[in-house]
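Thanks for coming, everyone. Have the sequence and the model open while I talk. I'll go helix by helix, then through the contacts.

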Amino acid sequence: MMGVIDEFTDYAVREGLLPAGVEPSQYRERFAASYPFLPEVIDMLYHRWGSFSTFQRTRGVLRLLALVIHSLKDDRLPYITLADFDLGNQQIRRELLKHIGQEFDSVIASDITGQDAGSRKINASLGKAYQGLGIGTRVSTTVFMHSFSGGIERGATLSEIKRHATTMENPSSVVAEAAEPLTG
């Protein structure tokens, strides 16, 4: 576990992905406490999604994290970010939609999961080296998860998008390239 945390933190420092004002040692400590999730995953669910009156903070966070872990049980991910929330998974999707409203089901389909979704077009437009990584989908999922807080739409900064949508196998600059048409 500490090897993964150290490797990600070192990568995040090199790529400029740490949250503003957070020292690498502080980030390592927070990551160790939230592992296998990036610390911001827990923060996002507890503070932003937890501000919905229908989302029970502790139970809601635990339920959603359990659904995400279950959906990823066959993947060999070193850590889990908001980009790893599979919005194509009906259980995860229903859990989120019951708090924000069914009208966002079509938004998820048109922007993220549908055959002609904008994120899929971005996936296909990236260079051959990045095909199959789903970077456009990872960016869109991250933006979606950042977009809600007690009914008030928010959004994500480029730094937040890069921190969640990148992996240690691809440079965060490719994530920025994928994010530009989706957020700009």
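In helix H1, the buried residues are Val4, Ile5, Phe8, Thr9, Tyr11 and Ala12. Buried means under 20% relative accessible area, exposed means over 50%, and partly exposed is in between, with a 1.4 Å probe and protein chains only. Helices here are DSSP runs of H or I, at least four residues, numbered from the N terminus. Look down the axis of H1: its buried residues fall within an arc of 160°, so they line one face of the helix. That arc is taken from the directions from the helix axis to the C-beta atoms.

A word on the source. This is a predicted model, where local features need pLDDT of at least 70, side-chain atom pairs count only at pLDDT 80 or more, and totals for chains, interfaces and linings use all residues. Residues are numbered from 1 along each chain as its sequence is written, and side-chain values use heavy atoms, with hydrogens and water left out.

Back to H1. The helix has 14 residues and reaches 20 Å from its first C-alpha to its last, close to the 20 Å expected at 1.5 Å a residue. The expected span is 1.5 Å times one less than the number of residues. After H1 comes Gly16, with a positive phi near 70°.

Now the rings. How many aromatic pairs does the structure hold? Seven. Rings of Phe, Tyr and Trp (its six-membered ring) pair if their centres lie within 6.5 Å; planes under 30 degrees apart are stacked, over 60 edge-to-face, and the rest tilted. Take Phe8 and Phe31: edge-to-face, 5.8 Å centre to centre, 85° between the planes. Phe8 is in H1 and Phe31 in H2, 23 residues apart, so this pair links distant parts of the chain. Phe8 has a relative accessible area of 0%, and Phe31 has 0%. Phe31 also pairs with Tyr27, edge-to-face, at 6.2 Å centre to centre and 65° between the planes. Tyr27 and Phe31 both sit in H2, four residues apart, about one turn of the helix. Ring pairs join Phe8, Tyr11, Tyr27, Phe31, Tyr35 and Tyr79 into a cluster.

Next, charges. There are eight salt bridges in the whole structure. A salt bridge is a side-chain nitrogen of Lys or Arg within 4 Å of a carboxyl oxygen of Asp or Glu. Which helices do Arg28 and Asp6 lie in? Arg28 lies in H2 and Asp6 in H1, so their pair ties together parts that are 22 residues apart in sequence. The distance is 2.9 Å, N to O. Asp10 bridges to Arg28 as well, with the closest N and O atoms 2.4 Å apart. Salt bridges that share partners make Asp6, Asp10 and Arg28 one network. Arg28 is partly exposed at 21%, Asp6 at 29% and Asp10 at 36%.

Another bridge joins Glu40 and Arg163, the closest N and O atoms being 3.3 Å apart. Glu40 is in H3 and Arg163 in H9 (residues 158-165), 123 residues apart. Are these two buried or exposed? Glu40 is buried, at 11%, and Arg163 is buried, at 4%.

Last, the core. The largest nonpolar core has 39 residues, and those with the most contacts inside it are Leu45, Trp49, Phe85 and Phe144. A nonpolar core is a set of buried Ala, Val, Leu, Ile, Met, Phe, Trp, Tyr and Cys residues joined through side-chain atoms within 4.5 Å. Among the helices that each supply at least two residues are H1, H2, H3 and H8. A second, separate core of 10 residues includes Ile122, Val174, Val175 and Ala178.
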